[in-house]
Amino acid sequence: MKVTLIAHTPDPEKTVAAAAKLCYSPASIDTVMEGLTPEKTAGFLEMLGEIGHESPIEHASFTFGIEGVSRSLLAQITRHRIASYSVQSQRYVREDHFEYVLPPQIGEDPEAKEVFLEAMAAAEASYQKITGILKAKNVEKLLAQGKDEKTAARQAEKIAIEDARFVLPNACDTKMIVTMNARSLQNFFRHRCCNRAQWEIRELAEEMLRLCREAAPHLFARSGPPCLCGPCPEGKMSCGRMAEMRQRYAPGQTRED
């Protein structure tokens, strides 16, 4: 997995502080940015966290480049709907010798790993075979319609891989660009940094949080699983490791491995 913070709102913490200042003072638009020293900016952000006023933080957005993650993760992350996603398409990009994500539990077991690798090889072979069969038939149809050979071959492959991709596994890796505002990121971190989240998306959330804290440390100081700043909401499904999680996600402690 590789996660890159591609771009974010310039001076995101000051932008959020200005929005908060406008809510709670008689400042005008012309003067709202004035006097926002680093100390006062941090104070506004701390106040927002304490009182739970989240709408001002929507004015800061962050864009991530994500690669080396599975299509299974893609299905999970797109459930966070207040975000923008651009994903490498399997309709337009042929998956020759596709990369895949090996789950740690499978990788640690030689027998399970052998079966998994066999399944990946079989999926690739099936994908290539189906693509070849469909492409050949589509070329014939397109040539009969008057297409030249080069155009027919290009269009035939595109039509073929649209359906051949159905044999590709959830483990198949993908690339995406994701943009979320800070409030949506807070929600994402609450759900996906939880110890009960699936391992791959939790790893992604931890790395995104680390990058966010580098760019806006005060804005994301309280970010992480719900138990970081309050009781665990999972009830009897709790992992029972609240003290450990609070230490792990305290500012400056988010792991980098």
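**Pocket terms.** On a 1 Å grid over the protein atoms alone, a pocket is an open set of points where a 1.4 Å probe fits, with protein on both sides within 12 Å along at least five of seven lines; its lining residues have an atom within 4 Å of a point.

The model is predicted: local features need pLDDT of at least 70, side-chain atom pairs count only at pLDDT 80 or more, and totals for chains, interfaces and linings use all residues. Residues are numbered from 1 along each chain as its sequence is written, and side-chain values use heavy atoms, without hydrogens and water.

**View 1. The largest pocket.** Twenty residues line this pocket; G49, Q186, L219, R222 and S223 lie nearest its centre. Helix 2 (38–51) and helix 7 (182–192) each give two or more residues to the lining. Helices here are DSSP runs of H or I, at least four residues; strands are runs of E, at least two; both are numbered from the N terminus. Helix 2 supplies the largest share, five residues. The volume is about 470 Å³, taken as the space filled by probe spheres set on grid points joined across faces, edges and corners.

**View 2. The second largest pocket.** This pocket holds about 210 Å³. Of its 17 lining residues, C194, N195, R196, P226 and E234 are closest to the centre. Helix 7 and helix 9 (242–249) each give two or more residues to this lining.

**View 3. Strand pairing.** Strand 2 (residues 61–70) and strand 4 (residues 173–181) pair antiparallel over nine bridges; pairing requires at least two DSSP bridges. S70 has D173 in strand 4 as its bridge partner. Strand 3 (residues 84–87) also runs antiparallel to strand 4, joined by four bridges. Y85 stands opposite V178 in strand 4.
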